[in-house]
Amino acid sequence: MISQCVPFNSQGNVASQPVLGKDETADYGVNDTVHPAEGVSLEKDLISQTTATQEKSQEELTTINNSVSKEIWLDFEDFCVCFQTLYIFHKPSSYCLNFQKSEFKFSDERVSYHLFMDSLKPIELLICFSALVRWGESGALTKNSPPIEPGLLTVETVSWKSLKPRDLVVTIHTYATKATVVRLPVGRHMLLFTAYSPVGHSIHICSMATFVIGDEDVVLPNFEPESYRFTEQALTILKAVGHVIANFKDKAKLPAALKDLQTAHYPIPFQDKELTAQHFRVFHISLWRLMKKAQITKPPPNTKFAFRAVVLDLDLLDSSLEEASLAEWVDAKYSVPTSDKDYSPEEVAAAIKIQAMWRGTYVRLLMKARTPDTKENASVADTLQKVWAVLEQNMEQYAISLLRLMFKSKCKSMESYPCYQDEETKIAFADYTVTYTDQPPNTWFIVFRETFLVPQDMILVPKVYTTLPVCMLHIVNNDTMEQVPKVFQKVVPYLYTKNKKGYTFVAEAYTGDMYVSSSRWKLRLIGSYHPLPCLSRDPPCNTFAIKEIRDYYIPNDKKIIFRYSVKVALPHPVTIHVRTSKPDVFIKLQILENEEVIVSSTGKGQAIIPAINFLGNEKVLSSQSHGEKHEELITLGSPDSHTISEGQKSSGTSKGTRKGKEKSSEKERTAKEKQAPRFEPQMYAAHPQQEDPNKPYWILRLVTEHNEAEFFEVKKDTERTDEIRAMKQAWEMTEPGRSIKAAQARLHYLSQFIRKTPDAECVPVSESQTKAGEEGSMLWKKWQAGKGMKDLAKSTNSESGGSSPAGKEERDQSLRRENIRPRSRSPTILEMSPQLIRKKLECVDINQYIRKTNIEPLLQTDELNQQQAMQKAEEVHQFRQYRARLLSIRDIEQEERFKEKDRVLEMYGEMRDSLDEARQKIFNIREEYRNKLLEAERLRLEAQAAEEAASRVEPEKKVPAPDTHKKKKEKKK
């Protein structure tokens with residue numbers, strides 16, 4: 001029965017009720033439909049209906065209402081055909097709890113709300129969403145107006161401890177106002193409301209269950225306590241334990257109480273016997289630890305015996321397993337304790353016999369204590385009553401502790417509890433806040449760096465709250481120096497295992513093009529339960545010293561950008577960051593100790609090692625030890641990955657000349673550095689010249705704390721260069737004049753590929769060789785003064801600049817004779833075209849650099865024969881192994897083929913048998929049906945024959961009938 005409704009409402013009621021607009025739907029799921037712009041016609045329809053209704057007089061309405069029956073009966077099918085849309089009007093005042101929030105701002109930002117709900121009954125949530133999509137624009141409601149985007153409200157489930165996609169609960173698109181009902185199952189829920197509207201929006205939420213809605217800081221504390229289902233399950237278990245203790249003396253009620261206890265903590269029986277036994281062990285050990293925890297004073301002496309009488313488990317409270325963690329205890333296997341002493345068989349047999357006798361005696365004592373109306377039972381019951389008196393004072397807290405201990409065991413049976421689903425939303429969190437100072441534009445700095453100690457294995461989610469434009473968090477395992485993985489530059493939920501040195505959390509920031517004022521930075525650690533990781537010190541440090549080193553990039557064959565040596569006096573952590581002027585070059589930063597890579601990091605345009613603990617050492621800096629480490633940056637691309645012109649390369653090459661000129665002031669700078677602290681809060685460059693943005697450069701930053709900066713020393717690593725210089729000096733001592741000959745040979749070789757001047761073509765070769773010897777003598781003297789072979793050409797330029805005019809003329813003439821310009825060779829070679837260089841190199845004989853077989857005969861010695869025989873035997877052995885491996889693989893494959901053949905034959909045999917069975921079933925059914933038809937035909941024929949026989953008998957019986965009738969008539973007469 002459907003009561004007739006008056007087809008009009010007052011305008012005030014329509015505006016105050018959440019209604020569905022025309023052509024608008026509440027979409028459940030992920031498939032959202034795009035709504036046309038004509039959706040705003042709802043307002044027009046309502047206004048037109050209201051106006052038309054008001055024009056009618058009250059008499060006309062009375063006449064219409066009287067002419068229609070008060071009740072109309074319709075079939076359900078006719079009702080669905082007649083009414084395609086059903087509007088349901090909700091009354092917010094009928095709900096116990098209401099929440100309404102309005103937001104008005106002209107922006108495209110989406111506003112988020114977090115909602116918390118927990119209930120022991122199914123939840124119904126009424127959500128009303130109103131969107132304001134236009135404000136003060138003429139023609140916004142006309143047909144020719146541009147398309148209008150509707151307001152959008154999405155409701156999703158949230159999980160902090162997982163990366164799985166959020167489950168979409170409901171989506172609402174509307175141009176005006178729309179309401180929908182969300183139904184949630186029993187339990188605790190976390191929902192994320194995301195609202196979008198060009199101008200403003202309003203959300204109205206109603207429910208009969210308690211809920212909390214707001215930002216994350218408001219809602220998050222509600223997820224720390226246990227859920228309602230968890231508390232209810234825990235109280236059920238502990239009350240069942242109390243019921244067993246209360247009826248421990250009652251012979252009639254004790255079995256029922258024990259059965260209720262088993263039903264409480266073991267609600268769903270498992271088919272797996274091992275899992276069942278594990279579940280009971282977890283419950284028993286958790287209950288025992290709760291009883292020990294509840295006893296503030298010294299417990300009664302027979303507490304352990306009383307507990308064993310309740311659970312009847314002798315191996316439960318073994319001393320080797322009692323103090324272990326629950327997770328370790330669950331996985332522990334019963335084993336015989338081992339001992340270094342060897343026992344004789346007679347001693348072992350005697351010990352086993354004694355243990356068996358004692359175990360039998362102890363079991364009999366337990367059974368007596370379990371039996372009511374005995375002395376042992378009364379003693380055990382009194383002890384249990386004392387324990388229960390303590391537990392009953394704070395039953396809810398102890399019940400939650402008991403069930404939480406069971407859940408920490410990670411036993412698979414815990415998943416059978418209904419409250420296990422609420423563990424996904426169970427969290428515990430801790431906040432750590434630091435402040436940072438004002439930062440200029442384009443500045444890189446460290447905001448936070450602390451070490452956290454993890455007390456136990458747990459899944460942890462770190463979240464950063466800051467107003468900085470760019471801020472990235474790195475987490476390093478100090479035991480393995482491995483970083484916690486990140487997704488889209490954010491640390492993912494990760495299982496942090498307990499280690500020795502903890503985990504270092506490092507937050508780096510970059511200001512960008514804007515000036516950043518001082519503010520607060522907050523780190524929130526979200527886990528499943530307490531205790532969470534704790535700081536290794538308190539409070540956290542927020543003042544750091546940054547040492548910055550800048551230099552230009554010099555291409556080299558090894559692709560090494562720089563190499564620095566680090567020495568520390570005291571152990572402390574350091575953060576190392578490298579950035580290059582070219583943002584798309586791949587670089588690799590390595591830290592070496594005794595030429596072995598300790599840790600490395602690869603990046604594009606920049607690389608960072610978030611934390612490395614340098615160990616202190618008192619040895620000298622030149623030695624390689626734990627106190628001295630080397631930093632090496634290697635480019636992964638080509639050495640000339642920067643696009644540099646020839647002039648820029650020349651200026652980069654002449655940097656060494658300027659260094660030579662500044663050598664005189666090196667001692668003054670060293671003295672100043674010793675007076676001043678080695679670390680400054682402000683950054684400084686390694687070179688005093690002004691930075692040229694057109695030249696490729698790199699920046700090395702080392703970050704340490706202010707109070708540890710004076711114990712940290714960094715300098716360029718020249719150990720390899722010193723080794724090469726010492727080796728060359730040793731060569732020169734054993735063979736005097738070696739360097740002069742090498743320099744002459746090199747200059748003579750280079751003179752063949754340098755462009756010759758017309759004036760020098762007629763110079764005799766003998767004179768040029770003599771001048772080359774004089775030049776070589778001068779270079780040898782310069783090298784003896786401390787310059788390496790690499791700077792010979794640069795030293796020639798510096799020497800020519802400071803000599804007398806006469807000496808300068810002599811050298812110029814000598815250089816002209818040798819066809820060498822009085823400048824460094826690098827610019828001269830660069831001035832030549834590649835085609836000319838390639839043409840000149842075509843005539844170079846490179847056969848002397850190619851390794852080939854010796855033409856001269858070689859003496860076949862016993863050692864050589866033995867070496868060749870061993871090599872051949874090794875080759876034969878490897879080949880035999882390879883052949884044996886192949887043969888075994890072939891045998892296995894052949895065996896698999898035979899098995900597959902047998903399986904195929906067996907399968908076809910089964911198919912044939914099944915086909916015969918099916919065919920036989922069909923034949924049997926057909927035969928049965930045929931027999932039925934034959935039987936029916938036989939019965940039909942028999943009935944037909946019987947009818948024919950009966951028809952033949954009837955005429956014979958009818959023949960004498962007339963005679964008898966006549967006789968009767970004659971008698972009457």
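Among contacts in the protein between residues at least 6 apart in sequence, what percentage join residues at least 24 apart? The figure is 80%, where a contact means heavy atoms within 4.5 Å. This is a predicted model, in which local features need pLDDT of at least 70 and side-chain atom pairs count only at pLDDT 80 or more, while totals for chains, interfaces and linings use all residues. Residues are numbered from 1 along each chain as its sequence is written, and side-chain values use heavy atoms, with hydrogens and water left out.

**Whole protein**

- The protein has 26 helices and 32 strands; these are DSSP runs (helices H or I, at least four residues; strands E, at least two), numbered from the N terminus.
- Of its 973 residues, 36% count as buried, that is, under 20% relative accessible area with a 1.4 Å probe and protein chains only; exposed means over 50%, and partly exposed lies in between.
- The accessible surface comes to about 62000 Å², and carbon and sulfur atoms account for 55% of this; areas come from the Shrake-Rupley method with a 1.4 Å probe, and for residues only the protein chains shown count as cover.

**Confidence**

- The mean pLDDT is 75, with 69% of residues at 70 or more; pLDDT is the predictor's confidence in each residue, from 0 to 100.
- Residues 1-58 have pLDDT below 50, and this stretch has 80 contacts in the model beyond near neighbours in sequence.
- Over residues 813-830 pLDDT stays under 50, and the model has 31 contacts for them beyond four places in sequence.

**His201**

- His201 lies in strand S11 (residues 200-207) and is buried, at a relative accessible area of 4%.
- Its side chain makes a polar contact with the side chain of Tyr113 (3.1 Å); such a contact is a pair of N or O atoms within 3.5 Å, and within protein one must be able to donate a hydrogen and the other to accept it, with residues adjacent in sequence counting only if both atoms are side-chain atoms.
- Not counting residues up to four places away in sequence, His201 also touches others, including Lys101, Glu103, Phe129 and Ala195.

**Helix H13**

- The buried residues of H13 include Asn377, Val380, Leu384, Trp388 and Leu391.
- Cover for the buried residues of H13 includes helices H6 (228-246), H8 (273-294) and H12 (345-370).
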